[in-house]
Amino acid sequence: FYGWAIVYTSFLVSFAQVPMYGPVFAVFVKPIGDEMGWSRSTITLAFTIGSLGGSMLSALVGSVLDRYGARSVIVVAGMVVGSALLGVAAMTEPWHFWLAYGVGRAAAVAGIGLGTSVSIANWFVAKRGRAVAVRGVGQRTGQSVMPLLILPVLVLIGWREAFLLLGLLAVVFISVPAGVFLRRRPEDMGLLPDGVG
């Protein structure tokens with residue numbers, strides 16, 4: 001049943017979006033503060049801006065998802081997240097960080113978070129809980145593993161290079177799989193939800 005391709009793509013996309021979430025963000029607070037001379041409140045304001053932006057953007061994204069489906073929304077959100085991370089790597093002022101990280105987090109929260117949930121809901125009814133749980137495992141696994149994976153880059157090369165790498169990985173593991181594998185609903189492929197029939 002093709003719906004499982006939707007689920008595993010959502011797993012990968014959810015894993016790759018975690019640079020916009022707390023556990024990965026936290027790894028960068030001290031190195032950025034040490035180099036830039038910024039306070040923790042100055043740095044963490046970017047996270048708050050992104051969270052508020054994502055909550056406000058969710059209503060708009062929800063209507064776009066209803067009309068056009070999740071594929072294009074997640075592809076665009078992945079490119080925004082990747083671009084935002086590249087922007088963070090080049091920042092020189094606090095407002096650069098607030099803008100870049102804030103926009104990227106808003107895109108992850110509203111575009112990717114909602115997009116993967118709606119996509120799975122379109123493909124599953126009876127097994128929706130199991131399918132959404134697999135997507136959730138992707139995000140939680142990313143939040144626990146990604147800080148460990150990016151830490152050597154951060155320590156050995158630098159935090160700017162770590163953000164560059166995360167930006168490139170976001171595009172490759174969010175936008176590309178979403179563009180290739182996501183489909184709006186099973187009926188578009190002559191199927192029914194949960195592979196019934």
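Axes here are lines fitted to C-alpha atoms, for helices over the stretch in contact, and angles run from 0 to 180 degrees between N-to-C directions. Helices (H or I, at least four residues) are DSSP runs, numbered from the N terminus.

This is a predicted model: local features need pLDDT of at least 70, side-chain atom pairs count only at pLDDT 80 or more, and totals for chains, interfaces and linings use all residues. Residues are numbered from 1 along each chain as its sequence is written, and side-chain values use heavy atoms, with hydrogens and water left out.

**Helix pairs**

| Pair | Axis distance | Angle |
|---|---|---|
| H2 and H7 | within 10 Å | roughly 145 degrees |
| H2 and H6 | within 8 Å | roughly 30 degrees |
| H3 and H4 | 7 Å | about 135 degrees |

Start with H2, residues 22–36. Helix H6 spans residues 128–156, and its axis crosses that of H2 at roughly 30 degrees. That makes H2 roughly parallel to H6. Angles under 35 degrees count as roughly parallel, over 145 as roughly antiparallel, 65 to 115 as roughly perpendicular and the rest as oblique.

Contact means heavy atoms within 4.5 Å. On the H2 side, Pro23, Val24, Val27, Phe28 and Pro31 meet residues of H6, among them Gln143, Met146 and Pro147. The residues of this contact of H2 with H6 divide into ten nonpolar, one polar and no charged. Ala, Val, Leu, Ile, Met, Phe, Trp, Tyr, Cys and Pro count as nonpolar, Asp, Glu, Lys and Arg as charged, and the others, Gly among them, as polar.

H2 also meets H7. Val24, Phe28, Pro31, Ile32, Glu35 and Met36 in H2 touch Trp159, Arg160, Ala162, Phe163 and Leu166 in H7. This contact of H2 with H7 has nine nonpolar, no polar and two charged residues.

Lys30 pairs with Asp34, their closest N and O atoms 2.8 Å apart. Both lie in H2, four residues apart, about one turn of the helix. The count by this rule is two salt bridges.

**H3 and H4**

H3 covers residues 40–68 and H4 residues 70–90, at an angle of about 135 degrees. That makes H3 oblique to H4. Val61, Val64, Leu65 and Tyr68 in H3 meet Ala70, Ser72 and Val73 in H4. By class, the contact of H3 with H4 has six nonpolar, one polar and no charged residues.

Notes: Helices (H or I, at least four residues) and strands (E, at least two) are DSSP runs, numbered from the N terminus. A salt bridge is a side-chain nitrogen of Lys or Arg within 4 Å of a carboxyl oxygen of Asp or Glu.
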